[in-house]
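Please look through the structure below before reading on. The report then goes through its strands, sheets and helices in turn.

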Amino acid sequence: MTESTSAPARSQNTSYVVTKNGAEQFVQILQRRPDGQVYVHYDGFDKRLDEWIPGGSLRPANESMRKRKRDTPSPTPTEPETQPDPLMTEEEFDIKHHKQITAQRNFDKVNFGQWRIKTWYFSPYPLTDSELEDSTGLPGGSASTSKIPGVNRATVRSHGRTSDLLAGGLTRSHLSGEKSILWVCDRCFKYMAEGAAWEMHVKQCDRRHPPGRKVYQRGAHIIWEVDGAKDKLYCQNLSLFGKLFIDVKTLFFDCDNFLFYILTDADSQRDHVLGFFSKEKISYDDYNLACIIVLPPYQRKGYGMLMIEFSYEVSRRAGKIGTPERPLSDLGLRSYLTYWVATLIRFFRRLLSVLPPDRPTVTSSGRLPDLTGVLPPPSEDANSRKKRAKGWDGETPDSNSTFTSPNGLDDTIATMRTVLTTSNPDGSATSHVVVRCTLAEIASATNLRIEDAAFALKECGLLGSTLEGVLGITREMVEAVAKERNVKRMCLDPAHVMLT
C-alpha cells in the first residue's frame, strides 16, 4: 500500500511543546502523516534537527505563552493580505520557492560505504525511473503533480533547471522505511535508490582515488584538486552528496566554473574521502571557498581546519587575500572564527616574542647574541635522536614547535617591531618588544581580510582595550586568549603543498 501525505501545515500559527532530552522545547509543525507522525521544527535551533515525531507527544503551548504571543505587535494591516506577484524570471521564481521546497529532508539516512549517516538537509537528487513510475501510479497523481506550480517542463527528470530537480525530489519526502534511505558509492559518489543496486555497483567500482591531481600530501592525508569542467559527473554527484549536509548554499549543476578540493585518507587499498571544499575558478570578490563539508563520521578531528588553512594557502600563493563566500552557516562561522583567532594569536606570539618560539635560550661565544633574525635549530645527531609521539597526520612533528610561519613573515615582523634592551644592576639585560602597527598591517601580515581580522579581535576581546585611541595588546592578553580558545598548532604544513 502506498502511503500518502497531506500538504505541509506551514500556515498554522499554533505553537506546541514537546519534551526532548528532558527539557521542554517549542516546535512548529511543518507536515503531518495519516499515521499520526508529524514533522516538526524546534524553535531557536537549526533545521538540521527537524524530525518526525509521534503526534501524541505534542502539547499545546500554555496560556502564558499564548498571552505573550498576543502581546507582541502584529503587522500593520495597511496592505492587503494577498498581492499579485510581480513579473519574475525563472531564476527569481526558483529563489522564491527555494526555502519552501527545501524545508524538509527528502532522505532520512544515506548509506555511504560502511557508514549509515543521518542526513541534515534537503538535496535535489532527481527521481529515478522507478520512482517516476510510482509517482504517476498514485491515485489522481501524475508526473507533474510534484513540480512547482507555474513552471512547465517536459519531464520531471530534466536537468535543465534547478527548480525541476528540487521539485523532482519532493516525492521522496513522503517515503518511509527502506525507501527513505539513499545509497551512495563512497568511491565515485554514484547514487542509487535501492540497496541491491548499490551492492552490485560497489563490487564493480574500481575507482581508488578521486580524479584530478594531488596538491597536498602529508603522511596518509592527501588533497586532490578536481576540475568541475573535466570531471562533470563526479563533481555533480559530489555536490549532491554534500548538499545533504549543507543548507545555506544553492546548488547548481553547472560545475564548469568550480574547482573541488577533496581530502582523503589513504590505506593499503585506496583513498577514503573525508571531506571537500569548492571554490570558483574566477572570483571577482576573491572568495577562496564556496562551500566546505567534513563528512559526519570524520568531524571534530581537525580535517575542516586543514582544508580552511589550505584554502588560505592557495590564496596566499596566488598573491590574494581571500575570504569565504557569504553567508556562512552556524558551523561554518564557528570554524572560521576559530581559524581567524588562531592565526592572529600565533602571529602575536611571534610578534611579541624576543626569541623565536622554538628557541627558549640562545647561547653565543665571544660576542652578544644577534636577536634580529630566526636562528636555525641545533643539529640533532641521529644516534641521540629520541622517539617522539606521532602527530594526527601520522608524522613526527617537533613537539617544541608552536608556530609555523609562511614565507616572508619574519621580514614583516622585523619591520613592525622594535626591541628595547635595558641593563640590570647585576650586569644582565632585559629585552622588551614594542610594536606600533595598524589593523591593516596586521591583516596583511596574516593574509586576512581587514573585516575578518577586526571581527576575530572583537570576538576574542582583544579589540576592547585602547589608550588615547591606540589599541593595546600585551603578551599576557594573548596567552589568556590562547588558553581560553584552546589555540592549537597549524594542521597544514606549507612544505607539503604541491601547487606550482
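What follows describes selected parts of a predicted model.

Strand β1 covers residues 16-20 and pairs with strand β5, residues 59-60, in the antiparallel sense. Two bridges make up this pairing.

β1 and β2 form a hairpin, and two residues lie between them.

## A mixed sheet of four strands

An open sheet is built from four strands in the order β7-β6-β8-β9, and its pairing is mixed. β7 (115-118) and β9 (191-192) each have a single partner strand, so they stand at the edges, with one side of each left without a neighbour in the sheet.

Strands β6 (residues 109-112) and β8 (residues 181-184) run parallel and are joined by four bridges. K109 is placed opposite I181 in β8. As background, strands of a sheet pair through backbone hydrogen bonds, and the pairing is either parallel or antiparallel.

## An antiparallel sheet of five strands

A further open sheet has five strands in the order β10-β11-β12-β13-β15, with antiparallel pairing. Its edge strands are β10 (213-218) and β15 (291-294), each of which pairs on one side only. From one strand to the next, the twist averages 20°.

Which strand is joined to β11 by seven bridges? The partner is β12 (residues 258-266), and β11 itself covers residues 221-227. The two strands run antiparallel. I222 has T264 as its bridge partner in β12.

## Helices on the five-stranded sheet

Helix α6, residues 232-243, lies across β11, β12, β13 (271-280) and β15. Its direction is at about 75° to β12.

Helix α7, residues 303-317, also packs on the sheet. α7 touches β10, β11, β12, β13 and β15. The direction of α7 makes about 150° with that of β15.

## Helix α10 and its two neighbours

Helix α10 (residues 439-446) packs with helix α11 (residues 450-459) at an angle of about 105°, and their axes are 9 Å apart. Angles from 65 to 115 degrees count as roughly perpendicular, so α10 is roughly perpendicular to α11. On the α10 side, L439, A440 and A443 take part in the contact, and they meet I450, A453, A454 and L457 in α11. The residues of this contact comprise seven nonpolar, no polar and no charged.

α10 also crosses α8, at roughly 100°, and the axes of the two come within 10 Å. That angle makes α8 roughly perpendicular to α10. T343, L344, F347 and F348 of α8 meet I442, A445 and T446 of α10. By class, this contact has five nonpolar, two polar and no charged residues.

## Helix α12 and the residue after it

Which residues of α12 are buried? V478, V481 and A482 are buried there. Seen down the axis of α12, the buried residues fall within an arc of 100°, so they line one face of the helix. These buried residues pack against α8 (330-351). The face turned away from the buried side carries the exposed residues E476, K483 and E484.

N486 is in the segment after α12 (475-485). Is N486 buried or exposed? A residue counts as exposed if its relative accessible area is over 50%; N486 is exposed because its value is 52%. N486 takes a positive phi of about 55° just after the helix. In sequence, N486 and A342 are 144 residues apart, while their C-alpha atoms are 8.7 Å apart in space.

Key: Residues numbered from 1 in each chain as written. Predicted model: local features only at pLDDT ≥ 70, side-chain atom pairs only at ≥ 80, totals over all residues. Heavy atoms only, no water. Axes fitted to C-alpha atoms, helices over the stretch in contact; angles between N-to-C directions. Parallel < 35°, antiparallel > 145°, perpendicular 65-115°, else oblique. Contact = heavy atoms within 4.5 Å. Nonpolar A, V, L, I, M, F, W, Y, C, P; charged D, E, K, R; others polar. Buried < 20%, exposed > 50% of the residue type's maximum accessible area, 1.4 Å probe, protein only. Pairing = 2+ DSSP bridges. Arc of directions from axis to C-beta.
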